Amino acid sequence: MLDPSVFMVLIDGMGLMALLALAYGSIGRVLDRGRGYAEAIGLVFGLGAVAATLGGATSPLEGSYCSLPYVIVALAGGFAGWRSATLAGFMASIAFYFVGDIEAASAVLAIAGSAVIGLAWRRFTRPQAGGSAFDFVSLALMLAANIMFFGALGSSVSVSGAPVLSSTLLTCLVAVLSLGWMMRREDRLRRREGELRIDALTDPLTGLGNRRAFEALLKVELAAIARQGVPLSMLLLDVDHFKRINDTHGHETGDRVLKRLAFVLRQNVRDADYVFRLGGEEFCVLLPGASRAAAVKVAERIRRVTGSANLGSADRLLSVTFSIGVSTARTSAIPHIRLYASADSALYQAKTDGRDRVCQADDPSGDLEDYELREDLPLASARRFAT
């Protein structure tokens, strides 16, 4: 028969597990699995394991089924890796020393076993990528066996009876399923939020950054001028006579041409550069660290490559040309709208002068020292702004 205190342990633990799951999701959103992510998860889950240890059942018999600290350590490793499991396990072990009713050595061994089980489970199930109820049940069974084994070693009370075994299995199953499913739900929500952010900043046809992404990033790059002491160049590109393509070959062909132009642009800039589709047949390229002279070279290369490329099919030759306006900012005092207006004015001049050409705008930053394009940055093979 189950000890009624088991249900109190489960009820008390639900609030703690919910807080840990929320903290797990919040840390993931802030640190995005970057530097310090695993350590932050380990610290928070370690505090959770300490709270579960100090606030849960602590007598030798009850200690065998007070499984929440072990589950917390295992899931810290299962979802965040070995650094997280190590930190959480160390903090839980210290807490067991202070509790004192359970033999510390066996408790520490059980914590270490839980960390190892969580890491092995992570390797074979990849919980962040999905996972089924069976995966969580298998983890609960392994943790229950681990707790029972080390509980028997360190307890002066028999822990092999049916009540203790059933209590241990029940608390492990409930804790693993509850906390594990909540953590997986946080992962799914975070991925969905990331997808929505990408969708909001990405042109759906070409996969390039859209106007919203362009405006946001342009402000960031202009602010970086003051910190890095390098210029920022902009290419504003417009496909010449694009309406003729739609009228002659249809909008499906026009869309295919735009997608292929996007690929050509990505192929002819560096990984450090940004390519956008601002709308219709208008594109923009931001070149951090590029002088006006270097930006003109890039623009001319794009114009030549585009003009000689077949953007149609194997049996139908289809080529287009770009008119391109170039503008360069060399001081952070230049408003982003002024840099864009300068490039737009140069683009208009290129159109007026006969199209299929590159025109330079008057320098909106004044006559300052020139810079050359940093050639240590590789050409982009396939750049997508959102990634």
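Trainee: Is Phe-79 buried or exposed?
Mentor: The cut-offs come first: buried means under 20% relative accessible area, exposed over 50%, and partly exposed in between, with a 1.4 Å probe and protein chains only. The relative accessibility of Phe-79 is 0%, so Phe-79 counts as buried.

Trainee: What is the mean pLDDT of the chain?
Mentor: This is a predicted model, in which local features need pLDDT of at least 70 and side-chain atom pairs count only at pLDDT 80 or more, while totals for chains, interfaces and linings use all residues. Residues are numbered from 1 along each chain as its sequence is written, and side-chain values use heavy atoms, with hydrogens and water left out. The pLDDT is the predictor's confidence in each residue, from 0 to 100. In this chain 80% of the residues reach 70 or more, and the mean is 81.

Trainee: In which helix is confidence lowest?
Mentor: Helices (H or I, at least four residues) and strands (E, at least two) are DSSP runs, numbered from the N terminus. Strand 3 has the highest confidence, at 94, whereas the lowest is a mean of 39 over residues 60-63. Residues 57-65 have a pLDDT below 50, yet this stretch has 30 contacts (heavy atoms within 4.5 Å) in the model beyond near neighbours in sequence. The element with the lowest confidence is helix 3.

Trainee: How many aromatic pairs does the structure hold?
Mentor: Rings of Phe, Tyr and Trp (its six-membered ring) pair if their centres lie within 6.5 Å, and planes under 30 degrees apart count as stacked, over 60 as edge-to-face and the rest as tilted. By that criterion, the number of aromatic pairs is 10.

Trainee: What is the arrangement of the rings of Tyr-70 and Phe-96?
Mentor: The ring centres of Tyr-70 and Phe-96 are 5.7 Å apart and their planes lie at 25 degrees, so the pair is stacked. Tyr-70 belongs to helix 4 (residues 68-80) and Phe-96 to helix 5 (residues 82-99), which puts the partners 26 residues apart. Both ends are buried, Tyr-70 with a relative accessible area of 4% and Phe-96 with 5%. In a word, the arrangement is stacked.

Trainee: How many residues apart in sequence are the parts that the pair of Phe-79 and Trp-121 ties together?
Mentor: The pair of Phe-79 and Trp-121 is tilted, at 6.1 Å centre to centre with 50 degrees between the planes, and Trp-121 is buried at a relative accessible area of 3%. Because Phe-79 lies in helix 4 and Trp-121 in helix 6 (residues 104-125), the separation in sequence is 42 residues.

Trainee: Which residue has its charged end over the ring of Trp-181?
Mentor: Trp-181 is linked by ring pairs into a cluster with Tyr-24, Phe-45, Phe-79, Trp-121 and Phe-136. A charge sits over a ring if NZ of Lys or CZ of Arg is within 6 Å of the ring centre and within 35 degrees of the ring normal. Over the face of Tyr-24 lies Arg-190, at 5.7 Å from the ring centre. For Trp-181, the charged end is 3.9 Å from the ring centre and belongs to Arg-184.

Trainee: What does helix 11 reach from its first C-alpha to its last?
Mentor: The expected span of a helix is 1.5 Å times one less than its number of residues. Helix 11 covers residues 251-267, and its buried residues, among them Val-257, Leu-261 and Leu-265, are covered by elements including helix 10 (242-249) and strand 2 (274-279). With 17 residues, helix 11 comes close to the expected 24 Å, as its reach is 24 Å.

Trainee: Which strands do the buried residues of helix 12 pack against?
Mentor: Helix 12 also has 17 residues and reaches 24 Å from its first C-alpha to its last, and its buried residues include Ala-295, Val-298 and Ile-302. Their packing partners are helix 11 and strand 1, strand 3, strand 4 and strand 5.

Trainee: Where is Arg-355, which has a positive phi?
Mentor: The phi of Arg-355 is about 70 degrees although the residue is not a glycine, and Arg-355 is partly exposed, with a relative accessible area of 28%. Its place is the loop between helix 13 (336-352) and strand 5 (358-360).
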